[in-house]
Number of protein chains: 2
Amino acid sequence: MSDTGVTVKKNQDFSQWYVEVVLKASLADYAPVKGCMIIREDAYAIWEKIHEILNSKIKATGHRNVYFPMFIPEAFLKKEAEHFEGFTPEVAWITQGGDTPLEEKLAVRPTSETIMYATFSKWIRSWRDLPMKINQWCNIVRWETKATKLFLRTREFLWQEGHTAHATSEEAEAEVMYALKEYKDIMENYLAIPVLVGVKSESEKFAGALYTTALEAIMPDGKALQMGTSHNLGQHFAKVFGIKFVGEDKQDHYVWQTSWGITTRLIGAMIMVHGDDKGLVLPPKVAPIHVVIVPIMFKGVEAEAINTKANEISEKLKSNGLNVVFDCRQEYTPGWKFNQWELKGVPVRIEIGPRDLKQGQVVMVRRDTGQKSPVKEVDIPITVERLLQEIQDNMFAKAKTLLQDKTTAINNYDEFKKMLEEKGGFLKAAWCGSTACEAKIKEETGCTIRVCPFQKEEPTDGCVYCGQKAKETVYFARSY
Amino acid sequence: MSDTGVTVKKNQDFSQWYVEVVLKASLADYAPVKGCMIIREDAYAIWEKIHEILNSKIKATGHRNVYFPMFIPEAFLKKEAEHFEGFTPEVAWITQGGDTPLEEKLAVRPTSETIMYATFSKWIRSWRDLPMKINQWCNIVRWETKATKLFLRTREFLWQEGHTAHATSEEAEAEVMYALKEYKDIMENYLAIPVLVGVKSESEKFAGALYTTALEAIMPDGKALQMGTSHNLGQHFAKVFGIKFVGEDKQDHYVWQTSWGITTRLIGAMIMVHGDDKGLVLPPKVAPIHVVIVPIMFKGVEAEAINTKANEISEKLKSNGLNVVFDCRQEYTPGWKFNQWELKGVPVRIEIGPRDLKQGQVVMVRRDTGQKSPVKEVDIPITVERLLQEIQDNMFAKAKTLLQDKTTAINNYDEFKKMLEEKGGFLKAAWCGSTACEAKIKEETGCTIRVCPFQKEEPTDGCVYCGQKAKETVYFARSY
């Protein structure tokens, strides 16, 4: 691998391109522990942005952050049978403290339902305590045996997990949809990634849930990526952990619960969808740096004047709330800097050289299209603002086109297999609703049902696998 | 324990009082895992505040957040011998992933020097890469065998760890002092807790450091609490992990490093120092809620008018950036609410009843002093603002008095032991500098040297233990 610059084309070797972009843009690094990663400065800044956006949304609607221990006694995990079966194969176990073997081994949380709900039963006593709406930002461990991939699948990752308890089923349902709506907003309007939303099939739902809703995006290589989930847990956990409340009717009731989460994999999705052969392309709304200013000369009187002007522009833009880097390092050439900041995906570059200075202008370059245009000094702030919005919109529009291109309506199984090999993507097909057909398709093609849309489309064909009467039209895909 | 209200007096049974306040004010709860705790909503909100304050400080000075894996291979921990010896007795070990025993057991990070610095050696190549200043917010595990205590000593806690690498020893020294200065600001000007700062003795320093600086506070029971530390790591780790850079002189050099951290135990200190027999007293600058408004009547036409007015006041204060709760719950009496919000330590309470409404005023009550005063409606915003500042200042002044009262200059060992039994606190005494005397004092009294002040005071007496010529005057105390 060359030290700087991406050497692989995105459409030639997508997987290798991805790794190069992640490493060379310094978003992440391999950790000295197998299957783990280091989230570096710029990627963490994006995660902090997501953190901030979601926090402000959920706090405004009465959710509060907490922190529960990451150790879960084995007995707790075991309480909900489906949950235990779903998670134990990938649990990391702590068996020793100092020199002493533990009496009961402890799971490092693969998710926190069981440790939290054991306590909910203590906190919730009356209808006055409901709804209880808490959220936690933390690290999660799932001891993957599959090949790991930076951001998308690592043994440790960061996430947010919302957990709520309600007096009625209706309230729980509304909460599931609430989380889904906020997630969709973050993915589409901040990360600029369009998503399909819907319900997971029985075999794909969260272990222990009544049902799982999900947001799914398509990657340029035709594989789907689950972007987030929001589960209706019904009363499954409430019954197992005894989470009851005395209602206004003075009777005992079990609560209705939800849980929902998004993870650092969103950063991986963003890289995949938007990046190009030069490296990262960051949506302005989550970019840690909005504008980089590169002076074109280094020495002499003119250089000083250029630096003064660049500094002025930088301060002006900063005062408008933008993050600006004025790259005045002398040890690098302008060309080297252009490549470096393009690799890092900064949305707007401002170049200022001797001729620009004379003409009272700068050159502005869009990262998404590469378009260059001279901008009069007085117009810089308003132009930057407009460009950032245009870039954000353009990136979303491009990603939407990708989603459309990678979505194919399928009438029969031969076409299904043919399309899958030709371009992958979402295969929209009729399904009879049987787990057997779903399992057969998975076995034969590697495709799973990504979502069953909320708005049911009346299928005109029979089930894509068995030909029997179809129940609904669903989206299949291979996935990360 | 009664369900509401603190039943133990702070000066009668401090330890029990502390536990009651923490649990009843819902700051934390015991976890179903031994030695662990749940950080609840209000306490987590305070942690978020600390997070926000420190983040804005360190980002402004070029530090950036990252996330490293929490797993540390045993071999890494072992590399720095002192470090390994210091930490292994309290490491939680992961030995199994799913059903499979791990080839090499993994430590859950007790601190991240080793995992980070193994990677620093890859990232740092040239003087251009320096200084490297990163920080991480995460959970930490130390498998305590001593009795645990909510916030102060638990097997898992949250912290922030700054890690920096510099080209020169001078820069590293400046960084150590920088972190110390920002910590002091947070502790004194936000948490309203005065601290002593200085250097730790050799036997109390961080395992692997060149030297450790620390901030120490005194608790009302006379025990000291270490509030934060900032370590100069010298080149110890750099040599072990091979962190070298090519200088401007084209020669290879080892970097100079620092690390520094504060933890969720700060919340415990804040509770201990400021709380009273009614419960929590929160410094306004970190309080999750600044003002609670309690209406005095519930039914009838007047109630409606009162609620309207209360809402108006609430909105006005919120628009000034304050967090306000208008407690209009009908299922509780005003008296119950007063107790509840006092327990939770909200700095200012506003009461509004029918007579107040008629007179165009409210009653304002300070949490710290209990002082009540009528305030004309028009004066509410400015009065609240003034009160919050007064409360903040008063709390710090009171805590300063506590520190003074609990600090005693000692001339000889008999006096030392007598004072220790009588009132504990910081015992300021001359010390010859020998580790043997320090160890003897610890063995005989349980006291350790908390800090050796930066500004050396010329000792007039001989060493408090051996009577030999003293090197400096230091602060001893029993501690948490």
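Begin by selecting residues 156-166 of chain A, which form strand β8, together with residues 256-263, strand β14 of chain A: the two pair in the antiparallel sense over eight bridges. Since this is a predicted model, what follows describes computed features. Within this pair of strands, pick out A:His166, which stands opposite A:Trp256 in β14(A).

Now widen the selection to the sheet around these strands, an open sheet of eleven strands in chain A with mixed pairing, whose order is β3-β7-β8-β14-β11-β10-β9-β22-β23-β21-β20. At its edges you will find β3 (64-65) and β20 (407-409) of chain A, each of which pairs on one side only.

Colour chain A by domain next: the assignment gives domain 1 as residues 14-274, domain 2 as 291-387 and domain 3 as 408-477. The C-alpha centres of domain 1 and domain 3 of chain A are 28 Å apart, and the contact between these two domains draws 16 residues from domain 1 of chain A and 15 residues from domain 3 of chain A. On the side of domain 1 of chain A that touches domain 3 of chain A, select β9 (196-199) and β10 (211-218), each of which supplies at least two residues; the largest share, four residues, comes from β9(A). Coloured by class, that side of domain 1 of chain A shows six nonpolar, four polar and six charged residues.

Then bring both chains into view. Chain A is superposed on chain B by a rotation of 180° with 0.0 Å of shift along its axis, with an RMSD of 0.0 Å, and that is the relation of a two-fold axis. To locate the rotation axis, select A:Ile94, whose C-alpha, at 2.1 Å, comes closest to it among the residues of chain A. Because 100% of the interface residues of chain A are also interface residues in chain B, the copies meet through the same surface.

Finish in chain B, where eleven strands form an open sheet with mixed pairing, in the order β3-β7-β8-β14-β11-β10-β9-β22-β23-β21-β20. Its edges are β3 (64-65) and β20 (407-409) of chain B, each with a single partner strand, so one side of each is left without a neighbour in the sheet. Select β20(B) with residues 426-431, strand β21 of chain B, and you will see them pair in the parallel sense over three bridges, with B:Thr408 standing opposite B:Leu427 in β21(B).

How values were computed. Residues numbered from 1 in each chain as written. Chains lettered and ligands numbered in written order. Predicted model: local features only at pLDDT ≥ 70, side-chain atom pairs only at ≥ 80, totals over all residues. Domains from an automatic or database assignment. Contact = placed C-beta atoms within 7 Å. Nonpolar A, V, L, I, M, F, W, Y, C, P; charged D, E, K, R; others polar. Pairing = 2+ DSSP bridges. Least-squares fit on C-alpha atoms with pLDDT ≥ 70 in both.
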